[in-house]
Amino acid sequence: MTVQEAINRLEAEFQETPLGFTVETALQARLLELLRAKVGTTIQVRGGYNTADATGYKRKYLDRIAKPQSISSVQPEVNFGMSGDGNRSLDIAILEPHHESEYDDLEYLPEVDSPRVTVRLIDGSKYFSAASVKHAIELKYIKNVDVAGARFERNNIDEWPHFSADLAKLGDLSNAESRHLIVVSNKNPFQQGEVDSRSTAKAQRRYERVEMECEKRAVKLTEIHPRE
């Protein structure tokens with residue numbers, strides 16, 4: 001099963017039992033389960049940190065979690081890059097070990113066989129190397145098309161509160177093998193014969209604009225909405 005096939009499976013389950021997915025976290029949890037079962041592998045990771053990143057009472061904890069260990073390559077809520085760069089967390093990332101990392105010059109870094117994934121520890125927070133992100137996935141669940149479509153006639157992507165951060169993060173990961181934006185909506189933007197033509201038009205504008213922005217960044221867009 002590929003990443004896209006897992007996403008397609010999620011869509012099939014949404015179509016069959018939409019009441020099973022009432023919040024975004026339910027979609028994330030199910031996709032994480034599918035990916036771990038069908039795509040995930042076991043990888044070796046290690047942590048590292050600079051002394052300035054560690055407060056005294058947490059030093060032993062940091063030393064312990066920095067030790068080389070094995071984890072699933074499929075992880076949720078993955079912080080990547082350096083802290084202080086704004087919202088840099090992916091809903092789901094599939095990680096791949098690399099020989100080099102932007103964290104290789106940290107002051108404390110356990111020895112480990114290569115390749116591996118290096119994680120930067122800042123107190124209790126964990127930041128994964130951007131180079132180790134093989135597949136990046138962001139999910140967006142739109143329940144109210146009027147709210148989500150309210151700003152779609154503006155040209156500045158930074159004024160799209162529901163999508164600008166996700167598109168920016170995915171766009172930054174240009175070296176990843178694949179990048180996915182999954183938009184789940186209760187509104188079919190292509191439905192015909194509905195009396196609420198205004199919100200249908202908003203939903204269609206949303207789809208067209210997000211599709212255009214994804215194409216600019218070579219991001220794969222999957223729009224999941226009611227088919228009937």
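Strands β5 and β6 run antiparallel and are joined by four bridges; strands are DSSP runs of E of at least two residues, helices runs of H or I of at least four, both numbered from the N terminus, and two strands pair if DSSP finds at least two bridges between them. The two belong to an open sheet of nine strands with mixed pairing, in the order β2-β1-β5-β6-β3-β4-β7-β8-β9. This is a predicted model, in which local features need pLDDT of at least 70 and side-chain atom pairs count only at pLDDT 80 or more, while totals for chains, interfaces and linings use all residues. Residues are numbered from 1 along each chain as its sequence is written, and side-chain values use heavy atoms, with hydrogens and water left out.

**Sheet**

- The edge strands, each pairing on one side only, are β2 (69–72) and β9 (220–224).
- Neighbouring strands are turned by 45° against each other on average, direction ignored.
- β5 and β6 form a hairpin with two residues between them, and D123 in the turn has a positive phi of about 55°.
- R120 has Y127 in β6 as its bridge partner.
- Strand β3 (residues 74–80) runs parallel to strand β6 (residues 125–128), with two bridges joining them; F80 stands opposite F128.
- Strand β7 (residues 133–142) and strand β8 (residues 178–185) are also parallel, joined by eight bridges, and I142 stands opposite S185 in β8.

**Helices**

- Helix α1 (residues 3–16) packs on the sheet, touching β4 (89–95), β7, β8 and β9 (contact means heavy atoms within 4.5 Å).
- The direction of α1 makes about 10° with that of β9; axes are lines fitted to C-alpha atoms, for helices over the stretch in contact, and angles run from 0 to 180 degrees between N-to-C directions.
- The axes of α1 and helix α2 (residues 24–38) come within 10 Å and cross at roughly 135°.
- α1 and α2 are therefore oblique to each other (under 35 degrees counts as roughly parallel, over 145 as roughly antiparallel, 65 to 115 as roughly perpendicular, and the rest as oblique).
- On the α1 side the contact involves V3, A6, I7, R9, L10, E13 and F14, which meet L27, R30, L31, L34 and L35 in α2.

**Salt bridges**

- The count comes to 17 salt bridges, each a side-chain nitrogen of Lys or Arg within 4 Å of a carboxyl oxygen of Asp or Glu.
- One of them joins R46 and D104, whose closest N and O atoms are 3.7 Å apart.
- R46 lies in strand β1 (residues 42–48) and D104 in the loop between β4 and β5 (117–122), so the pair links parts of the chain 58 residues apart.
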